[in-house]
Amino acid sequence: MASDGSEEFRLVSPAFSNEGKLPRNYTEEGQGAKKNISPPLEWYNLPPGTQTLALVVEDIDAPDPGGPIVPWTHWVVANIPATVKGLPEGFSGKDIGGEYAGIKEGNNDLKVPGWCCPKLPTHGHRIQFKLYALDTELHLGNKVTKEKLLEDAIQGHVLGEATLMAVF
């Protein structure tokens, strides 16, 4: 429960628990791995006034080859309507239409739109799924990036944040 007694804004996945292991089928490693299949996500208890949602998925333990830890962006999704209650498995890269029609997938750190499966040199990395509840629809232009989203577009529009962590 939130401090005001209301139900907390939550992000969950039916495929893994918070701080649980990211299943192999959402990675590029090992037997059972699928090719760039995004995991299913669900959210609950949107803050009042939510118009859209934005999602950023990052490896928060990614080392920069030349220096410190710099998060690696696996997925950016913007303008998810508040009426949508989740993203199905394999959503990324598909033109589903219907209630999903206005959703925009942004560029990951490979500079291409959509989900980028983890394939890491070492294990134990934390993959953070962060969902932002927003009071407006975002106007991001043709090229959506994490930087454009977080450093500009959502400023002053965040009603709440929900985080789900997976370990790879």
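User: Happy to dig in with you! Is Thr27 buried or exposed?
Analyst: This is a predicted model in which local features need pLDDT of at least 70 and side-chain atom pairs count only at pLDDT 80 or more, while totals for chains, interfaces and linings use all residues. Residues are numbered from 1 along each chain as its sequence is written, and side-chain values use heavy atoms, leaving out hydrogens and water. Buried means under 20% relative accessible area, exposed over 50% and partly exposed in between, with a 1.4 Å probe and protein chains only. Thr27 has a relative accessible area of 1%, so Thr27 is buried.

User: Which backbone oxygen does the side chain of Thr27 reach?
Analyst: Thr27 sits in the loop between strand E2 (20–21) and strand E3 (41–44); strands here are DSSP runs of at least two residues, numbered from the N terminus. At 2.8 Å, the side chain of Thr27 reaches the backbone oxygen of Arg24.

User: Nice. How far apart in space are Thr27 and Cys117?
Analyst: In sequence, Thr27 and Cys117 are 90 residues apart. From C-alpha to C-alpha, their separation in space is 4.7 Å.

User: How many aromatic pairs does a search of the whole structure find?
Analyst: Rings of Phe, Tyr and Trp (its six-membered ring) pair if their centres lie within 6.5 Å; planes under 30 degrees apart count as stacked, over 60 as edge-to-face and the rest as tilted. With the whole structure searched, the number of aromatic pairs is 4.

User: What type of aromatic pair do Trp75 and Trp115 form?
Analyst: The centres of Trp75 and Trp115 are 5.6 Å apart, with 80 degrees between the planes. The pair links distant parts of the chain, 40 residues apart: Trp75 is in strand E5 (residues 72–81) and Trp115 in the loop between strand E7 (104–106) and strand E8 (126–134). Trp75 is buried at 0% relative accessibility, and Trp115 is buried at 3%. The pair is edge-to-face.

User: And why is the pair of Phe91 and Tyr100 classed as it is?
Analyst: Phe91 counts as buried at 4% relative accessibility, and Tyr100 counts as buried at 17%. Their ring centres are 5.6 Å apart and their planes lie at 45 degrees, so the pair is tilted.

User: Let's finish with a sheet. Which residue in E6 is the bridge partner of Glu42?
Analyst: An open sheet of 3 strands has the order E1-E3-E6 with antiparallel pairing, where strands pair if DSSP finds at least two bridges between them. Its edge strands, each pairing on one side only, are strand E1 (10–12) and strand E6 (86–87). E3 and E6 are joined by 2 bridges, and in E6 the partner of Glu42 is Gly86.

How values were computed
Helices (H or I, at least four residues) and strands (E, at least two) are DSSP runs, numbered from the N terminus. A polar contact is a pair of N or O atoms within 3.5 Å; within protein, one must be able to donate a hydrogen and the other to accept it, and residues adjacent in sequence count only if both atoms are side-chain atoms.
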